[in-house]
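Biologist: I have a new structure to look at, and I would like to learn how to read it. Could you walk me through it?

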Amino acid sequence: MRIGIGYDVHQLVEGRKLILGGVEVPYERGLLGHSDADVLIHAIEDAILGALALGDIGKLFPDTDPAYKDASSMGMFKKVMAIVKDEGYAVGNIDATVIAQKPKLAPYIPAMRENIAAVCEKDVSAISVKATTSEKMGYEGRGEGMTAMAVVLLEPTEKKGR
Ligand SMILES: Nc1ccn([C@@H]2O[C@H](COP(=O)(O)O)[C@@H](O)[C@H]2O)c(=O)n1
Ligand SMILES: C[C@@]1(CO)OP(=O)(O)OP(=O)(O)OC[C@H]1O
């Protein structure tokens, strides 16, 4: 088995859609990035790549590559999962937290979990997504940005697994 941790931060700005876990969350601002800036999926991808000691998403999908301009992070996630399969692993479970003062994310979390479970080919019970405020402290508390953290367990599927 392999375990990985992922962490990502994106700035909240006007004129961008807010995409989290592949779900468009209605809000007056969205996350800024080269891609769609889905901070939750980025943290999960980094946790998976970390578990395999394969670097991070910036290495795999450089932010200097026009191919990833406004790209869907769910699309990148599918590519990461293809690598996981090729390395002889499958997702065991994922636990992730989004730190955001606003908006209220709880109503959208079931759809995020379904999206992530579908890409991982796992039952939704293996995919945990949580949300917390930072009690109005720091950049998340001031609404300047959002943070996401994820821990992923990968299980070997065949002898090829390291
Ligand atoms: N953006 C957020 C942040 C939090 N929640 C939910 O609210 C609960 C209370 O948050 P605290 O930061 O006060 O612990 C938390 O358990 C989340 O379920 C949310 O939906 N959206
Ligand atoms: C995902 C990529 C893809 O170009 O762009 P961003 O949306 O800027 O996201 P970040 O978390 O800064 O890092 C990885 C990038 O390479």
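Biologist: How many nonpolar, polar and charged residues are in the shell around ligand 2?

Modeller: Keep in mind that this is a predicted model. The shell around ligand 2 has five nonpolar, five polar and two charged residues.

Biologist: Which residues are around ligand 2?

Modeller: Among them are Asp 8, Asp 63, His 34 and His 42. Also listed are Gly 33, Ser 35, Ala 37, Ile 57, Gly 58, Phe 61, Pro 62 and Tyr 68.

Biologist: Let's turn to the fold. How many helices and strands are there in the protein chain?

Modeller: The protein chain has five helices and seven strands. If you follow the sequence, the pattern reads β-β-β-β-α-α-α-β-α-β-α-β.

Biologist: How should I read the strands?

Modeller: Start with the general idea: in a regular strand, side chains alternate between the two faces of the sheet. Now for pairing in this structure. Strand S1 (residues 2-14) runs antiparallel to strand S7 (residues 145-156), and ten bridges join them. For example, His 10 is opposite Met 146 in S7.

Biologist: Which way does strand S5 pair with S7, parallel or antiparallel?

Modeller: Strand S5 (residues 89-99) and S7 pair in the antiparallel sense, over ten bridges. Here Ala 96 has Ala 150 of S7 as its bridge partner.

Biologist: What does the radius of gyration tell me about the protein chain?

Modeller: A compact globule of 162 residues would have a radius of gyration near 15 Å, and the protein chain agrees because its value is 15 Å. Along the principal axes, the C-alpha trace spans about 50 × 35 × 25 Å. Buried residues make up 40% of the 162 residues.

Biologist: And what about contacts along the sequence?

Modeller: Take the contacts in the protein chain with a separation of 6 or more: 73% of them are between residues 24 or more positions apart.

Biologist: What does the UniProt record list for residues 1-154?

Modeller: The unreviewed UniProt entry lists residues 1-154 as "domain: 2-C-methyl-D-erythritol 2,4-cyclodiphosphate synthase". In the model, the end C-alpha atoms of residues 1-154 lie 6 Å apart, and the span is 31% helix and 31% strand.

Note on methods:
Residues numbered from 1 in each chain as written. Chains lettered and ligands numbered in written order. Predicted model: local features only at pLDDT ≥ 70, side-chain atom pairs only at ≥ 80, totals over all residues. UniProt positions renumbered as here; feature names shortened; annotations may be inferred. Helix = DSSP H or I, 4+ residues; strand = E, 2+ residues; numbered from the N terminus. Near = placed C-beta within 6 Å. Nonpolar A, V, L, I, M, F, W, Y, C, P; charged D, E, K, R; others polar. Pairing = 2+ DSSP bridges. Rg over C-alpha atoms; globule rule 2.2 N^0.38 Å. Buried ≥ 20, exposed ≤ 12 C-beta atoms within 10 Å, placed from the backbone. Contact = placed C-beta atoms within 7 Å.
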